[in-house]
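Visitor: I am new to looking at protein models, and I would like to learn how to read the contacts between side chains. Could you take me through some of them slowly?

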Amino acid sequence: MKTQYEQRVLETKKKIFSAFVQMMQRMPIHQISISELCHLAGINRSTFYNHFGSPYDVLTAMTGDFLEGMEETLQNVSPDDQEGVQRRVELCFEYAVQHRETALLLMQNSAGTDFATRLFSMPKIENLLNEKFSDMQDEIERKACISFVTHGSYQLLLEWLKDPDRISPGQEAALILNLARKIC
């Protein structure tokens, strides 16, 4: 159970994140003013500075929260289950859809956080990739294949999230896994 203080902190951060997303949809991060962000969030500047130092800190915190949430989503899927491979990818896509605005913001405006690298180096995803390509003897080829699959998957995820008529998370997961098998 969260204390009243912890609950207020969460609510404040939620307001800041929401205002930040709205502003990032209209302008690049370097044009975001703390004053306008605070006004939109309905907080004062000192409250903002109690939690963050700049808009870049907000982006970093949002990235951490998003990736932490995705890791929690993946925790209950068994890594030994072969059907679990598609299920893990599908769960990632479901999570991205549930947090679509944040996912798109992070993917399109990583502003130095290198979101793709952090996403694919999450332990459950990194282990899945290493497991799937473990039979490749040539280390250079294995690394190249993992890089090709991850960056291609990342781009397909981004395009899929932007598409209002997108296919289901399960269908997109199956498509990406099928392409990965064909390529590597």
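Visitor: Which residues do ring pairs link into a cluster?

Guide: Please keep in mind that this is a predicted model. In it, the residues that ring pairs link into a cluster are Phe17, Phe48, Tyr49 and Phe52.

Visitor: How many aromatic pairs does the count come to?

Guide: The count comes to seven aromatic pairs. One of these is formed by Phe17 and Phe52, whose ring centres lie 6.1 Å apart with 45 degrees between the planes, and this pair is classed as tilted.

Visitor: Which parts does the pair of Phe17 and Phe52 tie together?

Guide: Phe17 belongs to helix H1, residues 4-24, while Phe52 is in the loop between helix H3 (45-51) and helix H4 (55-74), so the contact ties together parts that are 35 residues apart in sequence.

Visitor: Are Phe17 and Phe52 buried or exposed?

Guide: Both Phe17 and Phe52 are buried, and that word is used for a relative accessible area under 20%.

Visitor: Where does the charged end of Arg166 sit?

Guide: A ring can also have a charge sitting over it. Here the charged end of Arg166 sits over the ring of Trp160, at 5.7 Å from the centre of that ring.

Visitor: How many salt bridges does the count come to?

Guide: The count comes to four salt bridges. Among them is the one in which the side chains of Arg26 and Glu36 meet, with 2.9 Å from N to O. Since Arg26 lies in the loop between H1 and helix H2 (34-41), and Glu36 in helix H2, the pair ties together parts that are 10 residues apart in sequence. Glu36 counts as partly exposed, at 35% relative accessibility.

Visitor: How many residues apart in helix H9 are Glu139 and Arg142?

Guide: Glu139 and Arg142 are three residues apart in helix H9 (residues 139-162), and are therefore separated by about one helical turn. They form a salt bridge in which the closest N and O atoms are 2.9 Å apart. With a relative accessible area of 38%, Glu139 is partly exposed, whereas Arg142, at 15%, is buried.

Visitor: Which residues are linked in a network of salt bridges?

Guide: The network of salt bridges links Arg87, Glu90 and Glu94. Within it, the side chains of Glu94 and Arg87 meet at 3.4 Å, N to O. Glu94 is partly exposed, with a relative accessible area of 23%, and Arg87 also counts as partly exposed, at 33%.

Methods:
Residues are numbered from 1 along each chain as its sequence is written. This is a predicted model: local features need pLDDT of at least 70, side-chain atom pairs count only at pLDDT 80 or more; totals for chains, interfaces and linings use all residues. Side-chain values use heavy atoms; hydrogens and water are left out. Rings of Phe, Tyr and Trp (its six-membered ring) pair if their centres lie within 6.5 Å; planes under 30 degrees apart count as stacked, over 60 as edge-to-face and the rest as tilted. Helices (H or I, at least four residues) and strands (E, at least two) are DSSP runs, numbered from the N terminus. Buried means under 20% relative accessible area, exposed over 50%, partly exposed in between (1.4 Å probe, protein chains only). A charge sits over a ring if NZ of Lys or CZ of Arg is within 6 Å of the ring centre and within 35 degrees of the ring normal.
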